[in-house]
Amino acid sequence: MESEQIKIPQATAKRLPLYYRFIKNLSLSGKQRVSSAELSEAVKVDSATIRRDFSYFGALGKKGYGYNVNYLLTFFSEALNQHEVMKVALIGVGNLGTAFLRYNFIKNNNTEIVMAFDIDPNKIGTDIGGVPIYDLEKLEEIITDEIQIAILTVPAGVAQSIADRLTEKNIRGILNFTPARISVPDHIRIHHIDLAIELQTLAYFLQK
Ligand code: ATP
């Protein structure tokens, strides 16, 4: 299966990890097939969308049979590159950063935070959840080429300057949890996650 040659729309790609997690659990429980209605109920995506998404992968469910769980599992793990763990560095070991180091995204995921950086002398040289915390001053020296993703949980005011330093390394993606809207060169993908805005948006819709 040559999943990398398949052109998948961005909205569909974003749902892949969700599908993968559910299909993996199904496979572990010994299930051989699943209908789009069952999937829809479990992942809360309507079944028409699921059928359309799956048609991009060449996974065509049969009427009255559903989808073959093993086929889907192989497809998703290849598409999401599950056999390769992507190494992540976290910058800023405050409350949020500490929580991420403890959680470490290792369950159902192919990413692992392997190092962290901070400027606080009380934190430098310690570790959280087995992840060593280094001095930010040594960022360029310590970050190796195998680190492809950086998580930013620093104060907003320093986010851009740290991002600028990261772009000099082999980093390909930044997950920015600061409210700062930072800019990076085109070859780097940046995802902004502003939790305060998310909460405010949810509250806004609840008031409507
Ligand atoms: P959080 O926003 O995660 O809840 P916090 O309120 O505990 O954090 P912040 O002031 O936001 O603390 O700082 C987050 C972390 O970033 C702290 O551990 C702080 O030492 C660290 N930090 C501050 N400035 C820098 C910097 N220039 N580079 C790296 N880390 C920094």
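At what angle do the axes of helix α1 (residues 10-28) and helix α2 (residues 36-43) cross?

**View 1. Crossing of helices α1 and α2 in the predicted model.** The two axes cross at roughly 110° and come within 11 Å. Angles of 65 to 115 degrees count as roughly perpendicular, and α1 and α2 are therefore roughly perpendicular to each other. On the α1 side the contact is made by Leu18, Tyr19 and Phe22, and on the α2 side by Leu39, Ala42 and Val43. Sorted by class, this contact of α1 with α2 has six nonpolar residues, no polar residues and no charged residues.

**View 2. The β-α-β unit of β7, α7 and β8.** Strand β7 (residues 147-152) pairs with β8 in the parallel sense, over four bridges. In this pairing Ala150 stands opposite Ile174 of β8. Together with helix α7 (residues 156-167), the strands β7 and β8 make a unit that is right-handed.

**View 3. Strand β8 (residues 173-176) and its pairing with β9.** Strand β9 (residues 189-192) pairs with β8 over four bridges, in the parallel sense. Here Leu175 stands opposite His191 of β9. Ile174 and Asn176 form the covered face of β8, whereas Gly173 and Leu175 form the uncovered one.

**View 4. The whole chain, for orientation.** The chain has eight helices and nine strands. Its C-alpha atoms fill a box of roughly 60 × 45 × 35 Å along the principal axes. Of its 208 residues, 24% count as buried. Among contacts with a separation of 6 or more, 54% are between residues 24 or more positions apart.

Terms used
Residues are numbered from 1 along each chain as its sequence is written. This is a predicted model: local features need pLDDT of at least 70, side-chain atom pairs count only at pLDDT 80 or more; totals for chains, interfaces and linings use all residues. Axes are lines fitted to C-alpha atoms, for helices over the stretch in contact, and angles run from 0 to 180 degrees between N-to-C directions. Helices (H or I, at least four residues) and strands (E, at least two) are DSSP runs, numbered from the N terminus. Angles under 35 degrees count as roughly parallel, over 145 as roughly antiparallel, 65 to 115 as roughly perpendicular and the rest as oblique. Two residues are in contact if their C-beta atoms, placed from the backbone, lie within 7 Å. Ala, Val, Leu, Ile, Met, Phe, Trp, Tyr, Cys and Pro count as nonpolar, Asp, Glu, Lys and Arg as charged, and the others, Gly among them, as polar. A residue is buried if 20 or more other C-beta atoms lie within 10 Å of its own, exposed if 12 or fewer, and partly exposed in between; C-beta atoms are placed from the backbone. Two strands pair if DSSP finds at least two bridges between them. A crossover is right-handed if, with the strands pointing away from the viewer, the path from the first strand over the helix to the second runs clockwise.
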